[in-house]
Amino acid sequence: MPNHSTTETGDDSDSCEEVTPSGGSRSRAGWLFCSPWILGFLLLFAWPFLASFYWSLCHYDLINPPEFVGVENYQRLVSEIGTDRGFGLALTNTLYYSLLSVPLSVIVGVGLAALLSANVRGQGIFRTLVFLPSIIPVVAASVLWLWLLDPQSGFINYVLSWVGVESQNWLNQSRSAVSGEGLAVVTGWLDGQPLKLMGSKDALVLMTIWGVGNFVVIYLAAIGDIPNAMYEAAAIDGAGPLRRFWHVTIPMLSPVIFFNLVMGLIRSVQTFASIYVLSEGTGEPGGSMTMISLQLFLSAFTDFEMGYASAMAWVLFVLLLMATVALFRTSRHWVHYRTQV
Amino acid sequence: MGRYISYTIGLALLIAIGSLLIQYGSSRDAVQIPDDREEVVFWHFWGGEDRDVVDDVVRRFNESQSEYFVRAIAMPGNNLQAKLFLSVAGGDPPDIINQDDPVVPDWAHRGVIDSLEQVAPAEEVAAVRDFLLPAAEKLSTYEGEMFALCNGLDIRALYYNQTLLDKYGLEPPETTNDLDRIAEAIAPQGSGDVQRYGYLPDTRRLWAWGYVFGGSFYDDVDHQATIDSPAVDAALKWMASYRDKYSADRIAAFRTGDQSLPGKTFPLLPIRDDEMFGRYAVVMDGQWQVRKILALQQRREAEGLPAPSFGVCPLPIPAELPPGVTARSNAGWVNGNFFVFPRNARNRSGAWEFAKFWIGYQSTDQAAKTCIEGGWIPVSQSVVESPEFKKYTDANPLFGKFVELASSPNQFPTPPVVGAAMFKRAVESASYDAMFTDKPIEEILQSTNQTIQQQLDRQQRRLEEAPKATR
């Protein structure tokens, strides 16, 4: 129904008609305004998304037409799981990196945010120092870390030497600290052998924690949002600073921790640029830096196995989806939204 | 007000710098093609100083021509392959490409490039094939057919600091035992904080030592990976003996130090002017390091400083080998640069003329000049024997050693199989595991062999199902 309205002024010569657009034309205008996004979504996201699923069922090398092979690529991926090659190796490395870096980022992030929320002199400077690393471009930061982690002249080993820890091989070592080999190193150390524990994946975890500043900003905002009355009530009930942190701050932060956990997990699995720079695009030493993202890239753009790489991307997608759903399921037990407090 | 002036000046400066950069970038690649010439689009991977040499070859070719005009486009970095595939798929490939990765079998198999017989008359291709050294021919061939034209060889040999060997009363190594003796003399086993090693094997060099120890990595008759053969096993065990001698952690840490040298200096060379020795007494490397040695010696001579003397020798043969295995002398792993001709290129004949010009098929003098400028090893004995090049090698005996080695039949490339890049990565990864982990070497080699064989079988199955890609 068109919406016309006429204003009578009492003077025929001075009448005017104000017309608002009809429902149809409003709708057209809306679609027109949305169309760049819709086109972008369809062409740059939906189509590649669906096409990659079809390619995951094909042999495809970019040059020749895709050849349908059913689930062969998926069978190959499954056959590699549990081995120390291809997708199996990449999956193990990615799991190691994610399982260490994500919880550590949360712990360090919340800890730093709690410290930075304290009303002390120079608070702004400390906050800036913590946030600064997260705005350095990832390639520049990776090159910087190549220098910092140099076993002979790197600053990190220099600092470790102050506390009597001997220099670590970091990016030149395939073995990892939290592993059977790492345990053997610690056992050997107790018997008087050198403690060469840290490897390339541990270096990557260290780098990730260094760049935790953007999460800290979110935690800081959330801490600032916690009503003082809750701390006062806890104090009246006899809670000390630690109990207040554990029973007030952490529960009130839990929605933000949950958000950062999910985002951190996705980000950790997608980490690519730093790995590419640190391992010069090879995933070395000893394949220890071959994460799923790099293996996918090498399969797609070095070996030109687009079908296999697409299958890997889909498996990665499903694994991430499962992990996210699992996190959502557990969240009802430990995430406390304010209305529930 | 002052702030606005600062912003305006800053913005103006940014625009000026941006314009200059754009101007510089476009002026290097902007070339006016003469009306009476056919354009030949040439992609190459060269950057830095080498790019100037390539530009000079292009300039000389264009000056020598009345029919074709080459437009060179530099694509340093590692995206050239993806760009090529997309350009071929999109129907707008370049006419000729220069590359140095082991990609010829992959590209040929997928139909990205044409065989030389699709580019030039068969008789001329046969004549060019005869013109090449054996190593250059191996690098150009896939399943008996030439799909590339090698235009420069890269050879590895042992560089040694003669002054340092003299100090310890040592001779250049002829066997691996000699090399072990040098290592032990310079850095005795069990010594504390080592500042200089006699020799340390590099994990990337299993390719070279495998061939020296009489092994091979692939049987092209049975299409079988042979990485777990006794010869390769012996080579890897010898390399890993240095891990047992010095410890994996120390070797790894020391090796990183090589990468941290200013400007990635050749670690055989002394860093400071008051030093005569570098981080090693003996290092395996390619002919391009000769320039750095000569530059150091010339600079020191000009400044009146003492300069160390250096030598080059072939990879020493093993002192002991498993029964039935024979060592190879003058052996090693060879790679090189090569031209390929993309499918559906517009100007094949112009591209072919340019490739022949570069390798010296028609004028050895031009190729000699190119090789001297770039420090590259010629791909033909005719160029090696040309007066200009002979004069150069006589004056540079270190470089001459590499040229001699290039003509050896015992120089082998990465096996020319589909998936060669994966093959190379897997072998180097096995070598790393042997040098830096506690895994048993036999187990490492068997597992790597199995991985590669599975990939080769997969490729072979595809080859049988769909022989050579659609053209």
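At what angle do helix α3 and helix α11 of chain A pack, and how far apart are their axes? I will start there, with the reminder that what we have on the screen is a predicted model. Helix α3, residues 86-116 of chain A, and helix α11, residues 241-270 of chain A, pack at an angle of about 145°, and their axes lie 9 Å apart. The crossing of α3(A) past α11(A) is right-handed. On the α3(A) side the contact includes Thr94(A), Tyr97(A), Ser98(A), Ser101(A) and Val102(A), while on the α11(A) side the residues include Phe245(A), Thr249(A), Leu253(A), Ile257(A) and Asn260(A). Sorted by class, this contact holds 11 nonpolar and nine polar residues, with no charged residues.

Let me move on to helix α14 of chain A, residues 306-334. This helix has 29 residues, which at 1.5 Å a residue should span 42 Å, and because its end C-alpha atoms are 41 Å apart, the two values agree. Buried residues in α14(A) include Met306(A), Gly307(A), Tyr308(A), Met312(A), Val315(A) and Leu316(A). If we look at Phe354(B), and leave out residues up to four places away in sequence, it touches Val40(B), Phe42(B), Phe61(B), Tyr68(B), Val70(B) and Ile96(B).

How many residues does each chain bring to the contact between chain A and chain B? Chain A gives 27 residues and chain B gives 28 residues. On the side of chain A that touches chain B, the residues divide into seven nonpolar, 14 polar and six charged.

Now a few points about the backbone. Most residues other than glycine have a negative phi, and most peptide bonds are trans. The peptide bond from Glu284(A) to Pro285(A), however, is cis, with omega near 10°, and Pro285(A) sits in the loop between α12 (273-278) and α13 of chain A. Leu62(A), which is not a glycine, has a positive phi of about 80°, and its place is in the loop between β3 and β4 (67-68) of chain A. Leu62(A) counts as partly exposed because it has 17 C-beta neighbours inside 10 Å. In chain B, His223(B) also has a positive phi, near 55°, and this residue lies in the loop between β8 (218-219) and β9 (224-225) of chain B. With 14 C-beta neighbours inside 10 Å, His223(B) counts as partly exposed.

I will finish with Val379(B), whose place is in the loop between α15 (364-374) and α16 (381-384) of chain B. Is Val379(B) buried or exposed? Val379(B) has 32 C-beta neighbours inside 10 Å, and therefore counts as buried. Leaving aside neighbours within four places in sequence, Val379(B) is in contact with residues including Leu132(B), Leu133(B), Ala136(B), Cys150(B) and Ile359(B). The C-alpha atoms of Val379(B) and Phe131(B) are separated by 8.3 Å, although the two residues are 248 residues apart along the chain.

Methods
Residues are numbered from 1 along each chain as its sequence is written. Chains are lettered from A and ligands numbered from 1 in the order in which they are written. This is a predicted model: local features need pLDDT of at least 70, side-chain atom pairs count only at pLDDT 80 or more; totals for chains, interfaces and linings use all residues. Two residues are in contact if their C-beta atoms, placed from the backbone, lie within 7 Å. Ala, Val, Leu, Ile, Met, Phe, Trp, Tyr, Cys and Pro count as nonpolar, Asp, Glu, Lys and Arg as charged, and the others, Gly among them, as polar. Axes are lines fitted to C-alpha atoms, for helices over the stretch in contact, and angles run from 0 to 180 degrees between N-to-C directions. Helices (H or I, at least four residues) and strands (E, at least two) are DSSP runs, numbered from the N terminus. A crossing is left-handed if the near helix is turned anticlockwise from the far one by less than a right angle, and right-handed if clockwise. The expected span of a helix is 1.5 Å times one less than its number of residues. A residue is buried if 20 or more other C-beta atoms lie within 10 Å of its own, exposed if 12 or fewer, and partly exposed in between; C-beta atoms are placed from the backbone.
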